[in-house]
Amino acid sequence: MPQCSTHTRLARQSLLKDILLPHCSISLHQASLSETLTQAAKDYLKSAPRSWIARGQLGDIAAQLQASFPEGTLPLQKDILEIATLYGDISRHQALRVRLEKITTDSCRKFHVDCVDLRLLRAYVGPGVQWTTDNGSTIQEASTGAIVLLKGKHFPQWDDAEKVLHRSPPLSHRPAKERIRLLLTIDEANACGEAPFEMAA
């Protein structure tokens with residue numbers, strides 16, 4: 001029997017809340033995607049715009065999801081709203097910026113730290129975010145569906161935390177059919193755009 005969304009959210013919150021510890025800069029929950037959610041993500045890619053952005057409180061986000069998403073994507077809409085709720089629970093932000101983006105290039109290919117306080121990432125299609133704690137000597141990659149929280153340089157006492165740099169995984173060297181990602185990004189509503197910080201080769 002499937003677990004209710006509240007139970008799932010609380011379990012995820014318990015696993016991810018260590019991001020709030022002073023020394024921690026990344027928290028990851030290896031969450032798999034159901035067949036219906038995977039299919040909804042693929043259906044979204046067929047007809048949706050390359051980038052979709054919504055801002056506001058959870059009710060605003062829900063209304064914008066319903067108004068702009070194509071038919072057949074209800075499982076994706078529900079998951080985005082659940083993940084946004086999870087982010088709000090952990091970050092304590094009431095107003096959010098939610099972005100869903102189709103990526104087909106080697107975007108954001110350098111390791112960096114974002115100009116935000118706390119960012120959530122989840123790849124519904126394709127590989128998840130890559131990160132390193134040693135300037136690229138060792139690179140780790142989140143799996144498809146993994147929920148990742150990353151501290152940015154605007155997080156309180158960020159300088160005291162372990163330095164974790166991240167990037168989008170390069171796609172150009174992968175087989176042609178794997179050169180696509182559908183990435184969910186959640187920040188607080190007034191987060192700085194895409195400007196990175198502390199770039200590394």
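**Close-up 1. His166, a buried residue of strand 9.** His166 counts as buried, at 6% relative accessibility. The model shown is predicted. His166 lies in strand 9, which covers residues 165-167. Its side chain makes a polar contact with the side chain of Asp114, at 2.8 Å.

**Close-up 2. The surroundings of His166.** Which residues touch His166, once neighbours within four places in sequence are set aside? From Lys110 onward they include Phe111, His112, Val113 and Asp114. Val129, Gln130 and Trp131 are also in contact with His166, as is Leu150. Val113 sits 53 residues from His166 in sequence. In space, the C-alpha atoms of Val113 and His166 are 6.6 Å apart.

**Close-up 3. Thr185 in strand 10.** Strand 10 spans residues 181-188 and holds Thr185. Is Thr185 buried or exposed? At 3% relative accessibility, Thr185 is buried, because the cut-off for buried is under 20%.

**Close-up 4. Two buried cysteines, Cys24 and Cys115**. Cys24 has a relative accessible area of 10%. For Cys115 the value is 11%. Both fall under 20%, so Cys24 and Cys115 count as buried. How many disulfides does a search of the whole structure find? The search finds 0.

Methods. Residues numbered from 1 in each chain as written. Predicted model: local features only at pLDDT ≥ 70, side-chain atom pairs only at ≥ 80, totals over all residues. Heavy atoms only, no water. Disulfide = S-S within 2.5 Å. Buried < 20%, exposed > 50% of the residue type's maximum accessible area, 1.4 Å probe, protein only. Helix = DSSP H or I, 4+ residues; strand = E, 2+ residues; numbered from the N terminus. Contact = heavy atoms within 4.5 Å. Polar contact = N/O pair within 3.5 Å; in protein donor to acceptor, adjacent residues only side chain to side chain.
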